[in-house]
There are 2 protein chains.
Amino acid sequence: MTVAPRIAIDAMGGDDGLPVMIEGAARALGEDPALRFLLVGDEAALAAALSARPALAAATEIRAAADVIAGSDKPSQAIRRARTSSMGLAIDAVKGGAADAAVSGGNTGALMAMAKLALRTMSGIDRPALAALLPTLGDNDLVMLDLGANTECDANNLVEFAVMGAAYARAVMGLAAPRVRLLNIGVEELKGTDEVRDAAALLRGATDLPLRFDGFIEADRLGRGEADVIVSDGFTGNIALKSVEGTARFITDLLRRAFTSSLRSKAGFVLSRPAFHMLKTHLDPNNHNGAVFLGLNGVVVKSHGGADAGGVANAIGVAAKLVRADIARRIADDLAHFRAGPRTAVAAK
Amino acid sequence: MTVAPRIAIDAMGGDDGLPVMIEGAARALGEDPALRFLLVGDEAALAAALSARPALAAATEIRAAADVIAGSDKPSQAIRRARTSSMGLAIDAVKGGAADAAVSGGNTGALMAMAKLALRTMSGIDRPALAALLPTLGDNDLVMLDLGANTECDANNLVEFAVMGAAYARAVMGLAAPRVRLLNIGVEELKGTDEVRDAAALLRGATDLPLRFDGFIEADRLGRGEADVIVSDGFTGNIALKSVEGTARFITDLLRRAFTSSLRSKAGFVLSRPAFHMLKTHLDPNNHNGAVFLGLNGVVVKSHGGADAGGVANAIGVAAKLVRADIARRIADDLAHFRAGPRTAVAAK
């Protein structure tokens, strides 16, 4: 367990680039003074930005990178620039041991491809997955995975995602035995695809894992606080997550339209501002920023491209928690338990 | 085209059963006096209910059914009661020609199984699909399908869904060439599963259909008015629809919590009531009630189990529109065009 996590930050990625990444790092340091940073990007611009922030400068090293991966770059193009780009060199710092984790707000596909290539998938894991935290009406956030790293998955992939997601929930939310469910179109045993049903059979048999498998969950129950980890293939998870995000925005737009429709409504809106503020805080994606690639030999966190400084600080905080929790070892231990457990016969079917 | 559609109603299905179905039929008749009904269910209870409603009674025949399909009945059990249950006999009336369409608020799986068995899939259609209307920020509602009838689909199934969904949008919304998109995890041509990419290739080649294929759409753009028809397999569509419904409810619950948090917020809420009413009307599932099984030799509409009388009237209105539009013939004509079109070579790949 690293008491002072060293976080490599791709300072050039994200919609607003360097200023928001710097401000995010400064905020993260304010909340967690033990952090150390490696800021990767335009050397002169970074030096100039740090000269105005002595506290951050004291906790930071600069690593120069001339090249920036654009949002439109294909992963296949990006990986050729692993040694020149700010994103590539941030990951490289984790690989080489100069940092414990990398954070980037850049191109997700490129980040995934470069991280896989540089850090390699953990032994025992078939495929890494992208996991994120979602708000719920319950006491805790919800870990959802995979959110788009793997378009198609078999039952064993889903089981590995369950194990990785549970390790994440234990690390970030401090739960002893997270409640895990598989996302499906019904809760009865016969519902869904072969992959989902087979994964459920494997998880029902796995009694020696630090998680509680509670069967299936339907997509209209995502935010009700009925699960700590929800597992799906990357296609389904991406559809569910984006449906949630789109609907939240849709309703916010409708509310805005409704509240500007009359003077009376406008007055009501002014009076209700604290209530709306509460709603906005709860739904603000910045408060849940920081998607994690689980299953790699190293911690890589994707900050949303449009995140503000608070969002970036949140993503850095997630990275620090995962480093302190030694997430890769936790996943490896859980998988070893799972594979040694009594349900190996089912897995071999 | 039937000027006076005859609608068979499963008067016993749905959470609130007979009273809400009767009240729904009465409202539908008030809006569309040409309608004629065949109410199927408990004969004595129906006669008693109609005696208090002379206008509805004059437009209605009763068909006695002693048996009711429960929400917990499996489709395989339900189909054995096709000749005794109110749901089965409502569908049978369509098959026998006594009615033009059937409406039920009962068990979806049972309704699908019975409707398929009695009415059979249209010639040229591999699999029927469940379609529904969703609200958007644009001028029109959105047709989404499949919402759960088919867990796994190949590219040809998706193309058939696109043709059926477009025919539905033309019939119900009066659009000449509905804008059709495939639901996917990105808009680039290479994104998604083989099935989705192959379906896109087929639809791009189909230039002689009364629809405009606009490529892929991501789930966060569902309600933005950028498409009239959105097509997916039944697993994905069900996940997307339920994510939307669940998020809408989640935010409503958060709003309620926020608005009861202080006296000031409560006052703001009272003042804002018209705005909330507007929001509620827009999001109320009753205003979009009536999911349709497309691809059968006959019109079968599923009313939501929890729909109120306005919702039931809406579902009856959807059934009447589809009858008047001669939906099955429209789909058959479009498919014939599609199959005769220049892209047969692509389809044969």
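**Naming the elements.** I take helices (H or I, at least four residues) and strands (E, at least two) as DSSP runs, numbered from the N terminus. I keep in mind throughout that this is a predicted model.

**Cis peptides.** I looked up B:Asp146 under that naming. B:Asp146 falls in the loop between β6 (142-145) and α7 (155-173) of chain B. I found a cis peptide bond between B:Leu145 and B:Asp146, with omega about -5°. Then I turned to chain A. A:Leu145 and A:Asp146 are also joined by a cis peptide bond, with omega about -5°. A:Asp146 sits in the loop between β6 (142-145) and α7 (155-173) of chain A.

**A positive phi.** I noted A:Arg120 next. Its phi is near 65°, a positive value, and the residue is not glycine. A:Arg120 belongs to the loop between α6 (108-119) and β5 (129-134) of chain A. I flag both kinds of feature because most residues other than glycine have a negative phi, and most peptide bonds are trans.

**How the two chains relate.** I asked what rotation superposes chain A on chain B. The rotation is 180°, with 0.0 Å of shift along its axis, and the RMSD is 0.0 Å. That is how a two-fold axis relates copies. Which residue of chain A comes closest to this axis? I found A:Gly268, whose C-alpha lies 2.2 Å from it.

**The interface.** I counted 55 residues from chain A and 55 residues from chain B in the contact. Of the interface residues of chain A, 100% are also interface residues in chain B, so the copies meet through the same surface. The size of an interface is often given as the accessible area lost when the parts come together. Here the two chains bury about 5,000 Å² between them, and 70% of that is on carbon and sulfur atoms. I checked which residues of chain A lose the most area to chain B: they are A:Ile185, A:Phe235 and A:Phe250. Together these three make up 14% of what the chain A side buries.

**Salt bridges.** Side chains of opposite charge can pair when their charged atoms come close. I searched the whole structure and got 33 salt bridges over all chains. Between chain A and chain B the count is six. I also picked out a bridge that crosses from chain to chain: A:Arg224 pairs with B:Asp253 at 2.6 Å, N to O.

**Around A:Ala26.** A:Ala26 is in helix α1 (residues 17-31) of chain A. I set aside its neighbours within four places in sequence, and its contacts are then A:Arg53 and A:Leu56. A:Leu56 is 30 residues from A:Ala26 along the chain, yet their C-alpha atoms are 5.8 Å apart.

**Cavities.** How many cavities have 30 Å³ or more? I count five.

Technical notes
Residues are numbered from 1 along each chain as its sequence is written. Chains are lettered from A and ligands numbered from 1 in the order in which they are written. This is a predicted model: local features need pLDDT of at least 70, side-chain atom pairs count only at pLDDT 80 or more; totals for chains, interfaces and linings use all residues. Side-chain values use heavy atoms; hydrogens and water are left out. Copies are superposed by least squares on the C-alpha atoms of residues with pLDDT of at least 70 in both. Contact means heavy atoms within 4.5 Å. On a 1 Å grid over the protein atoms alone, a cavity is a set of points where a 1.4 Å probe fits but cannot get out, and a pocket is an open set with protein on both sides within 12 Å along at least five of seven lines; lining residues have an atom within 4 Å of a point. Grid points are joined across faces, edges and corners, and a volume is the space filled by probe spheres set on the points. Buried area is the accessible area (1.4 Å probe) that two parts lose on being put together, summed over both. A salt bridge is a side-chain nitrogen of Lys or Arg within 4 Å of a carboxyl oxygen of Asp or Glu.
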